[in-house]
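Here is a short report on one structure.

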Amino acid sequence: MTEIGYSSSPGGVNGRSVETFRHTEREIWEVREMEVVPALRAVGEMRAGDHLLLGYDADEERETVVASFLLDGLASGHRGLVLGPADLPAELALTFLESRGCAVDDELAAGRLTVDPHLGTPEGLWDLDEVIRRETRRAVGDGYLGLRVSMEIMRGQAGKGLKTLHDSELLLEPVFASLPVLGICQYDRRVFDDGELAPLDGLHHGRVAADLVWRDELLSITRTFAPPGLALLGEVDDTNVTALARALQAETARARARTANGTSIRLDLRELAFIDVGALRLLVFSALSLHTSGGTLVLHGVAPHIQRLMRVTGWDRIPGLRLGKGEVREGAIS
Amino acid sequence: MTRPGFVHQALCYGSDEDFLGGAAPFALDGLHAGDTVLAVLAPRNIGLLTRALGRRSCEVEFVRADDWYGCPSRTLGRYHAYCAERGTDGAGRPSRVRIIGEPVWQGRTELETRAWMRYESLVNVAFAGTGHRLLCPYDTRVLPAAVVRSVTRTHPELALGAGGTTPSDRYADPADFCAECDAAEPGELPAGRDDIPFGRDRSAHVRHALRSYARALGVPEQRTHDMVAAVHEVVVNSVRHGGGRGVLRLRNDREYVICEVCDIGAVKPTTPVPPFPGHLPPDRRAVRGHGMWVVRQLSDLLTETFDPAGSIVRLYFKRAVTV
């Protein structure tokens, strides 16, 4: 990255450095020892034994990550176990899977997905390690290749000073080290602050994030959730402009699902080092198209040299194209 | 003086009286007609015209020529932006801009002089169809003879003093004049070994090599960004229209970093080269044409030969410049 020579803001994309996606497992441990930004792993890259933390800012983020996690499991012969917080009927707890094309009723009936409101009980965290050990063995006994556990952590069960939570997470480590199980512990960052989450990083193998929308040698495109949009890292040129076009198209659909008219799309460009005229023109035409239906394309954190390019072409004055400020999101991991 | 259409006159003067005899009535006529009047002049001529106009001088916007005439393509872009901004009145009706513009010729190399002559000819194309008026003073006492000779070829009209004008019978079609400028040999490239071959899907490699080269020469970061953006567009053009591959030669002399992009030429040209490529500001919503405009706006000088057998585009970036 330094080779390309662009300066990266300390916050990184969406407050994290997407560059950490590129870390291998060995490097993740090094990063942990140095106590820097926790390593990020795309959910699609998770392997058996992984015990990752998801700090999420929006329900869409949690649902996107957990859905990928469980659906990947169904596709690879794992059983999915959802340890839910509340005493919700299983079908209701899994509606976010239904909307992503999963026949939830069938999967529940076949036992490929199970929901256990265990964490919702007052003693939920006390024997979590035992529950996961038992369920993993049961899944293997039932002929599955492994178990995927999705755990939503509730504030109420965390104990004074999160002591109960720490002890519980600590006890999970040997389970993940010895059995074919992988898990995601979900923490709502609107409830747990960064100061509380930081020590918990040491009890996980890193943090998990949604899969990248695109990655090649030059460019990573990630989905952001709070606020929703896309973040671009690297360079866009003639070789990968099509990937950007495709990502914009999918993002438009995602935004339309949120609001029918006045669709606004936000691109975080703080980590964009280079964009050529052809790719900028794509953004201009996307903005013009959004504008016809009352929408806007917001470019956030555009570097001065890219702003200059936009001035020279007159693309700084396009209806439907707005330049946002590049401030770091509140609550970002730095 | 209510003639429609763009007016581009040269005022060749050999004395202060001659200068004021042409420039003062031009400015005053404009003020009477309610035009925006801009005077881009050498400091001495700013003083002369200010005194001659008296209290009306405060209605004229004065700019020092050195600050305005930095490099031809950017000056053209600047005039264009100026006229676009002030070319309509509050109600959106077209309003006329009058400019007294005296390019800087002293201290220019032969290459630069040729580019400025071409600029004077291109003005006729860039502002054709507008109602603006441009008067270009030429000081015959100090300017090289070749520069003075070019005046009648690049200006359709010559100012005679006291407001009178005559058509130039030597005026050349801008396409022909520019072709003549382009045909002149750009000169030997300085010696060097930084030749970077390029082809499809290799533009990132080219940008990387260029960044390293610029860094080693101490080019400021912002200027390096401009260089990378401009050269990238030329390289992409070459890949698309010039046979798919070529070589980027990176050189430098005391004044310029020079980036020469040569391609092997297209077997069958895909699209004809548009007239005056990149010289005229493209419409913001156009589907093409922004690349070469950006190239010219970001570089300081550019020479090109578009040839089916292989095109050569040479971009010059001043080594010490603040843009």
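In this predicted model, Cys259(B) has contacts (heavy atoms within 4.5 Å) with residues beyond four places in sequence, among them Leu210(B), Met227(B), Val231(B), Leu248(B), Val313(B), Leu315(B) and Phe317(B). Two arginines, Arg249(B) and Arg314(B), are also on that list. Cys259(B) and Leu315(B) touch the most other members of the largest nonpolar core, which has 63 residues. Such a core is a set of buried Ala, Val, Leu, Ile, Met, Phe, Trp, Tyr and Cys residues joined through side-chain atoms within 4.5 Å. Buried means under 20% relative accessible area, with a 1.4 Å probe and protein chains only. Another core, of 35 residues, lies apart and includes Trp105(B) and Cys178(B).

Strand E12(B) spans residues 312-318. Of its 7 residues, 5 are buried, so E12(B) is largely enclosed by the rest of the structure. Strands are DSSP runs of E, at least two residues long, numbered from the N terminus. They pair if DSSP finds at least two bridges between them.

| Strand | Bridges to E12(B) | Direction |
|---|---|---|
| E10(B), residues 256-263 | 7 bridges | antiparallel |
| E11(B), residues 301-305 | 5 bridges | antiparallel |

Ile258(B) stands opposite Tyr316(B). Glu304(B) stands opposite Val313(B). E11(B) and E12(B) form a hairpin with 6 residues between them. In its turn, Gly310(B) has a positive phi of about 130°.

Chain A has 334 residues, and 54% of them are buried.

Residues are numbered from 1 along each chain, and chains are lettered from A and ligands numbered from 1 in the order written. Local features need pLDDT of at least 70, side-chain atom pairs count only at pLDDT 80 or more, totals for chains, interfaces and linings use all residues, and side-chain values use heavy atoms, without hydrogens and water.

Conventions:
Buried means under 20% relative accessible area, exposed over 50%, partly exposed in between (1.4 Å probe, protein chains only). Helices (H or I, at least four residues) and strands (E, at least two) are DSSP runs, numbered from the N terminus.
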